[in-house]
Amino acid sequence: MMRRLALAAGAALALMGGAADAGTVAVTAERLLDVRTGKYIEKPMVVITDGKITAVGSQTSMTVPAGTEIIDLPGLTLLPGLIDMHVHLDSSPIYGGFSGLSYTDGFWTVVAVRNAELTLSAGFTTVRNVGSDRWNDVAVSQAIEQGFAVGPRIVPAAYAMSATGGHCDSTYLPPSANVTAAGVADGPDEARKKVRWLKKYGAKAIKICATGGVFSNDAVGVQQMTVEEIRAVTSDAHMAEMKVAAHAHGPEGIRASIAGGVDTIEHASLVDDEGIRMAVKAGTYFGMDIYNTEYTQAEGPKNGVRESELKKDRDIAEAQRQNFCKAVKAGVKQIYSTDAGIYPHGDNAKQFKIMVRYCATPLQAIQSATINAADALGQSGEVGEVKAGAWGDLIAVQGDPLADVTVLESVKFVMKGGEVVRRP
């Protein structure tokens with residue numbers, strides 16, 4: 001047994017490529033976007049030692065120790081690694097409706113490994129996985145940390161919490177199957193216990209389903225959790241230093257979630273003026289997935305998505321986008337939440353242009369995927385910004401993302417923790 005453990009440890013270290021002692025590397029480029037101010041640093045140099053940024057400045061004023069590896073990116077613009085706050089790594093949009101039932105349970109873990117790699121290559125160095133079966137997101141996160149897989153930093157929520165028969169319960173099968181989703185909890189006491197169970201087995205965040213949804217057998221906006229249940233979740237989660245995300249489409253469920261103390265509202269499709277006012281006052285973030293409807297309507301029918309689900313998606317799509325505009329203008333804090341898995345992983349950056357089309361400035365859109373997301377994760381100063389003390393997570397693009405945000409769809413360079421993932 002000890003010999004097998006030693007061999008396994010040696011294999012992990014070999015796969016990590018010495019990540020525990022990465023040394024010092026300096027990255028230079030044409031310019032660096034300061035995502036807090038929206039200003040550029042011309043001819044920047046970013047120095048990274050053992051995975052963390054140690055210095056940021058100008059190439060003309062900085063020196064590095066002899067032997068330091070220099071990665072020069074002429075003509076490119078540097079930004080911090082991007083953050084997607086709403087992904088489902090163990091989901092693929094090509095399996096819609098009942099088609100996913102054709103595959104064995106472990107299939108989806110392998111799917112998650114591939115999707116993690118695609119996401120990182122697209123420039124998203126951190127993601128929050130809000131809802132996963134069989135602890136897939138916890139497993140893939142551990143595999144990445146140990147060097148057995150390639151992907152972003154994952155903040156896993158594991159099973160999404162739901163009321164019985166709610167959006168995140170199992171609603172596709174008949175009563176004879178007698179299937180209840182593992183995240184189901186009814187009443188405040190069950191809710192508290194479920195939070196503790198999720199934390200016990202590796203969840204780093206909590207996701208609740210406060211209303212119905214598009215891809216389930218219920219009305220998209222109907223409230224499904226009480227304020228008392230939501231407050232029980234948030235009180236226990238916050239005590240454990242975990243953030244809470246609430247899937248909430250309808251106005252009643254959105255207001256109940258804010259009143260219950262959640263940290264982020266996901267979707268927020270049918271939010272009303274009172275919900276927007278409450279979010280501004282409470283400082284609650286909105287993560288509004290306003291891109292994925294384009295994929296669902298174009299590709300959903302051939303992927304097996306049911307007409308009832310396609311209709312719900314059509315019914316709320318434009319309302320969600322208009323409400324995103326209202327929320328931005330009202331000052332609701334925004335995070336970058338795409339619901340990747342409803343559309344193909346790796347296309348995460350396609351939402352930036354839709355955010356700009358519906359009222360956000362390019363800088364606001366970029367901030368939603370950097371400093372805002374880092375704050376909502378409770379990781380300000382660690383990710384989402386190029387500054388001393390943060391992880392050495394960098395991307396580079398050709399062009400000016402403040403003039404054309406679509407350049408973020410084609411990243412040329414990706415670095416995670418000082419390790420190059422993608423080169424021009």
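The model is a predicted one, in which local features need pLDDT of at least 70 and side-chain atom pairs count only at pLDDT 80 or more, while totals for chains, interfaces and linings use all residues. Residues are numbered from 1 along each chain as its sequence is written, and side-chain values use heavy atoms, with hydrogens and water left out.

On a 1 Å grid over the protein atoms alone, a cavity is a set of points where a 1.4 Å probe fits but cannot get out, and lining residues have an atom within 4 Å of a point. Grid points are joined across faces, edges and corners, and a volume is the space filled by probe spheres set on the points. By this rule one cavity of 30 Å³ or more is counted, and the largest cavity has a volume of about 30 Å³. Its lining is formed by Leu89, Asp90, Ala112, Asn129, Ser132, Asn136, Asp137, Val140 and Ile154. By class, this lining has four nonpolar, three polar and two charged residues, where Ala, Val, Leu, Ile, Met, Phe, Trp, Tyr, Cys and Pro count as nonpolar, Asp, Glu, Lys and Arg as charged, and the others, Gly among them, as polar.

Helix H3 also packs against helix H2 (residues 107-121), and their axes come within 10 Å and cross at roughly 50 degrees. H2 is therefore oblique to H3, since angles under 35 degrees count as roughly parallel, over 145 as roughly antiparallel, 65 to 115 as roughly perpendicular and the rest as oblique. Axes are lines fitted to C-alpha atoms, for helices over the stretch in contact, and angles run from 0 to 180 degrees between N-to-C directions. The contact (heavy atoms within 4.5 Å) joins Trp108, Thr109, Ala112, Val113 and Ala116 of H2 to Asn136, Val140 and Ile144 of H3. These residues divide into six nonpolar, two polar and no charged.

For helix H4 (residues 188-200) and helix H5 (residues 227-239), the axes come within 8 Å and cross at roughly 30 degrees, which makes H4 roughly parallel to H5. Their contact includes Pro188, Ala191 and Val195 of H4 and Ala232, Val233 and Met239 of H5, and by class the contact has seven nonpolar, one polar and five charged residues.

Helix H6 (residues 251-259) and helix H7 (residues 273-282) pack at an angle of about 20 degrees, with axes 9 Å apart, and are therefore roughly parallel to each other. Arg255, Ile258 and Ala259 of H6 meet Glu274, Gly275, Met278, Ala279 and Ala282 of H7 in this contact, whose residues comprise five nonpolar, one polar and two charged.

Methods
Helices (H or I, at least four residues) and strands (E, at least two) are DSSP runs, numbered from the N terminus. On a 1 Å grid over the protein atoms alone, a cavity is a set of points where a 1.4 Å probe fits but cannot get out, and a pocket is an open set with protein on both sides within 12 Å along at least five of seven lines; lining residues have an atom within 4 Å of a point.
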